[in-house]
Amino acid sequence: MLVRQARKDMGITQVALGGMIGCRQSKINKIEGGQCGLKPSDLESIVASLDIDPVTAAQMRVLNIRDTPQRVRSDGRVATPPWFVPILDEEREVTEMFSWTGERIPGLLQSEYYMLAQFQAAGAADVATPIVERISRQQIFDSNSDGRYEFLISEAALNRMMESLIGAIALDQLYYMLDLMKDHPSVRVRMVPYGAAAYVDPDYTILRFADHNRDFAYMESISGLVLAKGQDLQKYEDSCDALRYLALSVSDTKQRFGEKIGQLAAAEESR
């Protein structure tokens with residue numbers, strides 16, 4: 001549908017578009033009818049040939065990823081670092097998860113547009129596989145609906161997102177988090193405002209289980225994973241309590257998200 005509209009906006013035929021990207025009119029007809037997916041390189045050729053704007057192009061990439069056969073390989077974890085695979089297994093059994101991030105949106109809260117922007121910015125040659133795997137990971141909110149999930153995000157992470165991404169993608173991410181909380185009452189997102197603390201700890205996640213002997217915290221780094229259990233876990237528990245005290249309530253966080261959505265929408269309208 002988006003390809004058809006972009007082609008018509010340019011005023012060219014299916015035959016002409018096929019000639020521009022090196023395929024037959026019959027294939028263009030199937031693409032426009034949603035009857036076949038596209039190799040990423042072919043999609044980029046269409047985007048360039050039709051001079052499609054960045055927001056629409058991002059939407060096309062996400063829709064194409066949804067239709068690709070790679071999506072059914074989500075359990076293969078082709079792109080997940082081997083050292084992180086055990087964490088994915090543990091997440092399925094938690095009774096409670098607590099996550100703190102100071103400069104980024106955590107993977108479990110990312111919209112597909114946001115994922116796409118992050119992987120492209122990192123120069124990933126294949127964005128479909130990691131997006132499929134991350135979406136598969138997010139299914140724990142449905143498969144483990146008895147768990148409780150609390151995500152604390154610094155205001156810095158939200159503002160960085162708003163400054164570094166196309167406005168429409170940042171808007172989509174904010175709406176995505178609001179919808180996630182609406183659809184999954186077990187998910188709580190709370191913002192830690194700039195003025196709440198002069199210093200906060202690096203990112204970490206605490207996983208708690210019915211058997212508390214399994215409880216642990218982890219931190220991701222460039223070199224791999226850092227785990228903390230037993231007595232070492234206590235410092236993360238203390239940090240968790242302090243951040244919860246500093247964070248806005250869920251309702252106040254939703255209000256602040258609404259304010260930021262208004263800022264982004266106003267900026268988009270002024271362009």
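## Sheet, helix packing and a buried serine

In this predicted model, six strands form an open sheet of mixed pairing, ordered E3-E2-E1-E4-E5-E6. Strands E3 (187-192) and E6 (224-228) stand at the edges with a single partner strand each, so one side of each lacks a neighbour in the sheet. Direction ignored, neighbouring strands are turned by 15° against each other on average. Strands are DSSP runs of E with at least two residues, helices runs of H or I with at least four, numbered from the N terminus; two strands pair if DSSP finds at least two bridges between them.

Strands E4 and E5 run antiparallel and are joined by three bridges; Leu207 has Phe216 in E5 as its bridge partner. Helix H12 packs on the sheet and touches E1, E2, E3, E4, E5 and E6, contact meaning heavy atoms within 4.5 Å.

Angles run from 0 to 180 degrees between N-to-C directions, with axes fitted to C-alpha atoms, for helices over the stretch in contact.

| Pair | Angle |
|---|---|
| H12 (residues 234-246) and E4 | about 105° |
| H2 (residues 14-21) and H3 (residues 25-32) | roughly 105° |

The axes of H2 and H3 come within 8 Å, and these helices are therefore roughly perpendicular (65 to 115 degrees). Their contact includes Leu17 and Ile21 of H2 and Ile28 of H3.

Ser136 lies in helix H8 (residues 128-137) and counts as buried (under 20% relative accessible area, 1.4 Å probe, protein chains only) because its relative accessibility is 16%.

Residues are numbered from 1 along each chain as its sequence is written. Local features need pLDDT of at least 70 and side-chain atom pairs pLDDT 80 or more, whereas totals for chains, interfaces and linings use all residues, and side-chain values use heavy atoms, without hydrogens and water.

Notes: Buried means under 20% relative accessible area, exposed over 50%, partly exposed in between (1.4 Å probe, protein chains only). Angles under 35 degrees count as roughly parallel, over 145 as roughly antiparallel, 65 to 115 as roughly perpendicular and the rest as oblique.
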